[in-house]
Amino acid sequence: MEFKIVSDSSSDLLTLDGVAFESVPLKIITDENEYVDDSSLDVFGMLTDLKKYKGKSRTSCPNSSEYLDAFKEAKKVFCVTITSGLSGSYNAASVAAKEYADEDSGREVAVIDSLSTGPENALVIEKIRELILSGEVFDEIKRKIAEYQKRTRLIFSLESMHNLSRNGRVNPAVAKIAGLLGVRVVGRASDVGTLEITDKPRGAHNTLSCIVENMKKEGFVGGRVRIHHAESSGQAATLKEKILEKFPKAIVDISKTRGLCSFYAELGGLLVGFET
Ligand code: X90
């Protein structure tokens, strides 16, 4: 096989049409269970278990041998990982990439640090797919993807930052203030791939308007949008309507978060990836 796209499960994609694709699962671990974030994971079941569960929970990223297995048989690999600002996934993939390329001079691996997660990763992956299918060569795809990444953004809204804060992925003081206020937070993936809280809107309606306002602030003028939701399909559909009201030409797709993003975004969380 010539090209293959590999991604960790933070992209929320399980399959991709037209090109070889493999998702390498992260894991969600409690004292009682290990949830592997692959296609067999019952995400809603996991979230329901975790809601009742009072003990500790954490996540772990793929190791380099899991990435090596996923690269297998491909000459040219594009590997998109969750932000290196919050996870070791990019590092593990980079170790694997070096080993894989060293084994055979005909192989090339581009490891792409999304500095983001979920829908923004999915947009990047879909762009790589488009470039492969249009017949572009490896180096040209790499260059165009680096350019494309400058144009994509992630905005999120969260009802709880409990798991993010308990696992040291966000400043505990920030999480505490949001928790104490009992409000949703809206934020963005920062330029270095960490969480940046921008607003504390009150009420579901205001939250959605706040997301659209932030999209405009980031420079959205009606390109592609992906909304990934953690068991919040109603909110996702209303958000799509609001985006289309203001930007009738936008192309908006809705899908569900898989295990990793669901664990951190928690029930009701919305992740919005878009082009500027
Ligand atoms: O290596 C690991 O165990 C994975 C750690 C992942 C930590 C953060 C995941 C965040 C998921 C939450 C809202 C969006 C934040 C975007 C920041 C770049 C979703």
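User: Which residue in β13 is the bridge partner of Arg-226?

Analyst: The partner of Arg-226 in β13 is Gly-273. This is a predicted model, in which local features need pLDDT of at least 70, side-chain atom pairs count only at pLDDT 80 or more, and totals for chains, interfaces and linings use all residues. Residues are numbered from 1 along each chain as its sequence is written, and side-chain values use heavy atoms, leaving out hydrogens and water.

User: In what sense do β11 and β13 pair?

Analyst: Strands β11 (residues 224–229) and β13 (residues 270–275) are antiparallel, with five bridges. Strands are DSSP runs of E, at least two residues, and helices are runs of H or I, at least four, numbered from the N terminus. Two strands pair if DSSP finds at least two bridges between them.

User: And what is the order of the strands in the sheet?

Analyst: The six strands of this open sheet follow the order β10-β9-β8-β13-β11-β12, with mixed pairing. At the edges, β10 (195–199) and β12 (251–256) each pair on one side only.

User: How do β11 and β12 run, parallel or antiparallel?

Analyst: They run parallel, joined by six bridges. In β12, Ile-251 is the bridge partner of Arg-224.

User: Which helix lies across β11, β12 and β13?

Analyst: Helix α9 (residues 233–246) does, at about 160° to β11. Angles run from 0 to 180 degrees between N-to-C directions, using lines fitted to C-alpha atoms, for helices over the stretch in contact; contact means heavy atoms within 4.5 Å.
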